[in-house]
Amino acid sequence: MALLSLDNVSVTIGRLHPLDGISFDLDRKEILGIVGESGSGKSLTALSVMGLLPLIGGKVTKGAIVFDGIDLVSLPETDYRRLRGKRIALISQNPMTSLDPIIRIGAQIDQVSQLHLGLSAVAAQARSIELMQQLRIPDAATIHGNYPHQLSGGMKQRMVIAMALAADPDLIIADEPTTALDVTIQAQIIQIMVDLVRERGLALMLITHDMGVVAQACDRVVVLYAGRVAEQAGVADIFATPKHPYTRELIRCIPRHGQAPGSLKGIPGTVPSVMDYPSGCRFHPRCAHAQAICGTEVPLLEQKTSGRAACHLTEVLAHG
Ligand code: SF4
């Protein structure tokens, strides 16, 4: 049984319907990429799993979210609080949303294992330093006593990862964890996360807009577009034979080594607003292959030769 399973999940916020029928599984020891442009529903998917939709006035109105046999949709908030931070940890894009600027960094990591694992202050400090060393933080004992402002952006993000790991979670949701960092540090941090998943047998949901990050880290990928799943497949398959035109466009937009500056063109058009989703296939106003049916009928997410895709013309395009 998958560690985390979303089955046909739909979300509403007031009168808006930003997520529509999201389904995927995530196993232990697996890294699942959730990819798409801003506005595709990636972060809302994370909030749905974390039970944090009420903070933005949202709720799951259809479908099931099951984590290790626990029905999360009907889980009372008091029980959810025991899961969050302990069994399901979140790494956000900006480390300063997770770190308190006036508390020494090590003490913040210590607090997590004291709270969730019941460790003494001495044991928690030893555990924090060990975690920091696993995250390849040099002179961890000294840095344990530093304040966040004394660290670089990359170092702060490693501390946030250490905090996420401190309670020994089963699932980590990392929401654009390296977007604010430069490319070299980004690659290092992603590699550290990959190594940790393999070593500790965690499951990682890695939310990103960057197919390059997906290629580096993920086992499987779910491509979201305007609140629906466009495609999902193993990473090798999705790069070798993308089935959905949107996936092809995302792959086309990965900068290539030696590419002339300014020669990379983005995907034409913009992601539609949740207040004005197009009828039929929501990608049709931007799709170079759109036919009349695309504007009127919603394509279902169907099994293909490899993975699943929601496009009326997958077979036609595969032979085109
Ligand atoms: Fe393009 Fe039509 Fe496929 Fe949508 S259903 S991706 S508009 S070809």
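1. Ground rules. This is a predicted model, in which local features need pLDDT of at least 70 and side-chain atom pairs count only at pLDDT 80 or more, while totals for chains, interfaces and linings use all residues. Residues are numbered from 1 along each chain as its sequence is written, and side-chain values use heavy atoms, with hydrogens and water left out.

2. Two domains. Domain 1 covers 4-87 + 169-256 + 265-318, and domain 2 covers 100-168; these bounds come from an automatic or database domain assignment. Their C-alpha centres lie 30 Å apart. Across the boundary, 17 residues of domain 1 are in contact with 15 residues of domain 2 (contact means heavy atoms within 4.5 Å).

3. The area between them. About 1,400 Å² is buried between domain 1 and domain 2, with carbon and sulfur atoms giving 60% of this. Buried area here is the accessible area (1.4 Å probe) that two parts lose on being put together, summed over both. On the domain 1 side, Lys-86, Ile-192 and Arg-200 lose the most area to domain 2, together 37% of what that side buries.

4. Two salt bridges are counted between the domains, a salt bridge being a side-chain nitrogen of Lys or Arg within 4 Å of a carboxyl oxygen of Asp or Glu. Asp-195 forms a salt bridge with Arg-136, and their closest N and O atoms are 2.5 Å apart. Helix 7 (residues 183-200) gives the most to the side of domain 1 that touches domain 2, with eight residues. Helices (H or I, at least four residues) and strands (E, at least two) are DSSP runs, numbered from the N terminus.

5. Helix 1. Seven of the nine residues of this helix (residues 42-50) are buried, so it is largely enclosed by the rest of the structure. Buried means under 20% relative accessible area, exposed over 50%, and partly exposed in between (1.4 Å probe, protein chains only). The buried residues are Lys-42, Leu-44, Thr-45, Ala-46, Ser-48, Val-49 and Met-50. Just after the helix, Gly-51 takes a positive phi of about 70°.

6. Aromatic cluster. Tyr-225, Tyr-246 and Phe-283 form one aromatic cluster. Rings of Phe, Tyr and Trp (its six-membered ring) pair if their centres lie within 6.5 Å.

7. His-17. You will find His-17 in strand 2 (residues 16-26), where His-17 is partly exposed, with a relative accessible area of 48%. Leaving aside residues up to four places away in sequence, His-17 touches Val-11, Thr-12, Val-274 and Tyr-277. The C-alpha atoms of His-17 and Lys-59 are separated by 10.0 Å, and the two residues are 42 residues apart along the chain.

Note on methods. Rings of Phe, Tyr and Trp (its six-membered ring) pair if their centres lie within 6.5 Å; planes under 30 degrees apart count as stacked, over 60 as edge-to-face and the rest as tilted.
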